[in-house]
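Please examine the structure shown here. The paragraphs that follow treat confidence, aromatic rings and charges placed over rings.

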Amino acid sequence: MGAISESKSVPLDVEDVALETKCLSRKLGSKLLVDSVSVRVAKGEILAITGPSGAGKSSYLRLLNRIDEPTSGEVFLYGKNYRDFDTTTLRRRVGMVMQSANLFPGTVKQNLLFGPAQRNESISDDRVDELLAQVGLPHYASKNIDTLSGGEAQRVSFARTLANKPEVLLLDEPTSALDEETSREIERLVVDIASTGSMACLIVTHNLQQAARIAPRTLFLEHGKVAKLGLTNEVLDAYGSH
């Protein structure tokens with residue numbers, strides 16, 4: 001069950017690779033959380049990352065924009081080592097949406113303006129409206145975040161991340177706290193973001209059926225290692241009972 005299986009799908013041209021990890025590992029004390037993971041993700045691709053609880057899914061994702069630091073291995077953003085970017089720039093280019101929205105107090109618009117303001121940039125009211133329309137929340141700019149449902153707050157979290165114009169989007173179980181209908185809406189949003197923006201999306205999910213709905217390829221981790229990387233239906237066939 002632990003044998004590594006390389007992907008047979010979609011050979012990637014170098015210029016199409018948005019994000020690549022080479023032998024990426026993270027050790028905490030005596031425990032290897034992530035163990036020599038090598039993956040290439042194309043622009044416009046959605047890659048699902050799944051596996052049993054404690055497999056290292058979120059630990060791997062957190063290494064990709066330096067929320068955590070790897071013990072060894074390398075990460076490349078469009079062929080350039082991610083250590084060549086300052087952390088602020090890296091996290092703008094490799095955006096992340098967490099399991100909970102973690103919005104700032106205030107209005108929806110204030111949340112969207114925050115990221116660009118850190119770079120001394122501003123975005124217009126039209127751009128705010130455009131971002132909110134993209135996530136299915138037109139006319140929400142003036143709403144206070146305290147009035148939002150869980151699904152609405154998660155959509156605002158997406159819009160806030162998109163305001164930074166990321167090239168890669170990391171999603172750490174973004175639908176785990178949502179009901180089925182809202183989860184499907186978020187899934188459609190992820191597919192739309194990847195297809196219309198040519199943005200690479202990596203989504204951690206414990207739900208293999210969700211992976212099948214939105215991700216052509218899936219990375220299955222066990223004990224921090226790559227157990228299988230391939231077409232999602234092949235991964236489902238091998239690990240669907242997990």
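Helices (H or I, at least four residues) and strands (E, at least two) are DSSP runs, numbered from the N terminus. Residues are numbered from 1 along each chain as its sequence is written. This is a predicted model, in which local features need pLDDT of at least 70 and side-chain atom pairs count only at pLDDT 80 or more, while totals for chains, interfaces and linings use all residues; side-chain values use heavy atoms, with hydrogens and water left out.

The predictor's confidence in each residue is called pLDDT and runs from 0 to 100. The chain averages 90, but pLDDT stays under 50 over residues 1-11.

R66 is placed in the loop between α1 (57-63) and β4 (72-77). Its phi is near 65°, a positive value in a residue other than glycine. With a relative accessible area of 16%, R66 is buried (buried means under 20% relative accessible area, exposed over 50%, partly exposed in between, with a 1.4 Å probe and protein chains only). The charged end of R66 sits over the ring of Y82, 5.6 Å from its centre; this term requires NZ of Lys or CZ of Arg within 6 Å of the ring centre and within 35 degrees of the ring normal.

The structure also holds two aromatic pairs. Rings of Phe, Tyr and Trp (its six-membered ring) pair if their centres lie within 6.5 Å; planes under 30 degrees apart count as stacked, over 60 as edge-to-face and the rest as tilted. F104 and F114 form a tilted pair, 4.5 Å centre to centre with 55° between the planes. F104 lies in the loop between β6 (94-97) and α3 (108-118), and F114 in helix α3.

Notes: Contact = heavy atoms within 4.5 Å.
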